[in-house]
Amino acid sequence: HLTGALRQTIPVDLIESSIPVTNWGDAQARAVAEGAVTLLLASLKSLRPRMQRIAVGDWRPTDDFRAGMLNRLDLGIYGCGFIGRCFIDMVRPFGPTLRVFDPYIDAVPEGCERVPDLETLFDLSHTVAIHAGLSPETEGTVTAQLLARLPEGGMLINTGRGAIVDQEALFAELETGRLRAGLDVLRPPEELPADHPARSWPNLILTAHSLSQPFPKTYDAADAFEPMHHICLDNLRRHVEGESLRFKMDRRRYDLST
């Protein structure tokens, strides 16, 4: 049993052997999706520049201040696995127009429109939230050309993997102020140099791959276990008792996973 990513530890030969491998399945879905909603709302409301301006003594926003509502927002979802579906469930009550690109699912969630490709997704979206796993098929797929399809003031939210996005192209858009972004992840090695100008851009929120962290625990007996631990223990029990395992990793899931 492993947590999330498998490729660095488990070879595909083991996946195709008789030894069962499971991962944490949907254990982190709510935490990551909640983090994505946090970034979405904070970026949409332009909280960072408002807070910065108030902190230096200016009470009113500037004339070019951007803010908006989720209601009727054209919101594109790139990737609709456990986390993407949980994210959709969380934002649906706010009333956005939801469009989904994921060629590996049979059907999209209720109330969503399926689009055939990323070009269409970006053409029809004001904001795109990335929930795809990192694989050879997804790496670098959010290109400069796709980012250019977003409208003035459009947003990119990424709680998936930084390597899915052409980071230099995104930073070029952010530096001009044309787009906004909320990024929990960056291209490896993730951390920006201390003097990198992106750290101070008002239209960029960086959260350093920390939005899915649980509330701090003392790890006393009463609170020692998180959802991933419960899944692991349940699968160990299932294995011992001869029951089917949850979130068993097969070649198809392996190829689509980070």
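This is a predicted model: local features need pLDDT of at least 70, side-chain atom pairs count only at pLDDT 80 or more; totals for chains, interfaces and linings use all residues.
Residues are numbered from 1 along each chain as its sequence is written, and side-chain values use heavy atoms, with hydrogens and water left out.

Secondary structure was assigned from DSSP runs, with helices (H or I) of at least four residues and strands (E) of at least two, numbered from the N terminus. Two strands are taken to pair if DSSP finds at least two bridges between them. On this basis, 7 strands form an open sheet with parallel pairing, in the order S3-S2-S1-S4-S5-S6-S7. Strand S2 (residues 97–101) pairs with S3 in the parallel sense over 3 bridges, and Leu98 has Cys112 as its bridge partner in S3.

Helix H4 (residues 82–91) lies across strand S1 (74–78), S2, S3 and S4, and runs at about 160° to S1. H7 also packs on the sheet, where it touches strand S5 (155–158), S6 and S7, with its direction making about 130° with that of S6.

Burial was classified by relative accessible area, with buried meaning under 20%, exposed over 50% and partly exposed in between (1.4 Å probe, protein chains only). A nonpolar core is then a set of buried Ala, Val, Leu, Ile, Met, Phe, Trp, Tyr and Cys residues joined through side-chain atoms within 4.5 Å. The largest such core has 28 residues, of which Tyr78, Phe122, Leu147 and Phe171 touch the most other members. At least two residues of this core are supplied by each of helix H5 (118–123), strand S4 (127–130), helix H6 (144–147), helix H7 (167–176) and strand S6 (180–183), and the largest share, 4 residues, comes from H7. When residues up to four places away in sequence are not counted, Phe171 touches Leu183, Leu186, Leu192, His196, Ala198, Trp201 and Leu204. Another core, of 26 residues, lies apart from it and has Leu70, Leu75, Cys86 and Phe87 among its members.

Thr127, located in strand S4, is buried at 0% relative accessibility. With neighbours within four places in sequence left aside, Thr127 is in contact with Leu40, Leu73, Asp74, Leu75, Gly76, Met155 and Ile157.

With a disulfide defined as a pair of cysteine sulfur atoms within 2.5 Å, the count comes to 0. Cys80 is buried, with a relative accessible area of 1%, and its sulfur is 6.4 Å from the closest cysteine sulfur, in Cys112, too far for a bond.

The structure holds 15 salt bridges, each defined as a side-chain nitrogen of Lys or Arg within 4 Å of a carboxyl oxygen of Asp or Glu. Glu113 forms one with Arg99, the closest N and O atoms being 3.2 Å apart; because Glu113 lies in strand S3 and Arg99 in strand S2, the pair ties together parts that are 14 residues apart in sequence. Glu113 is partly exposed at 37% relative accessibility, whereas Arg99 is buried at 13%. Glu173 and Arg178, which form a salt bridge with closest N and O atoms 2.8 Å apart, are both buried. A further salt bridge joins Asp89 and Arg92 (3.0 Å, N to O), with Asp89 partly exposed at 47% and Arg92 partly exposed at 32%. Asp234, Arg237, Arg238, Glu241 and Glu243 are linked in a network of salt bridges.

Among the backbone features, the peptide bond from Pro188 to Pro189 is cis, with omega near 10°, and Pro189 is placed in the loop between S6 and S7. Ser46, although not a glycine, has a positive phi of about 50°; Ser46 is in the loop between helix H2 (29–44) and helix H3 (47–55) and is buried, with a relative accessible area of 7%. His209, also a residue other than glycine, has a positive phi near 55°; His209 is in the loop between S7 and helix H8 (227–240) and is partly exposed at 34% relative accessibility.

Definitions and conventions
Contact means heavy atoms within 4.5 Å. Axes are lines fitted to C-alpha atoms, for helices over the stretch in contact, and angles run from 0 to 180 degrees between N-to-C directions.
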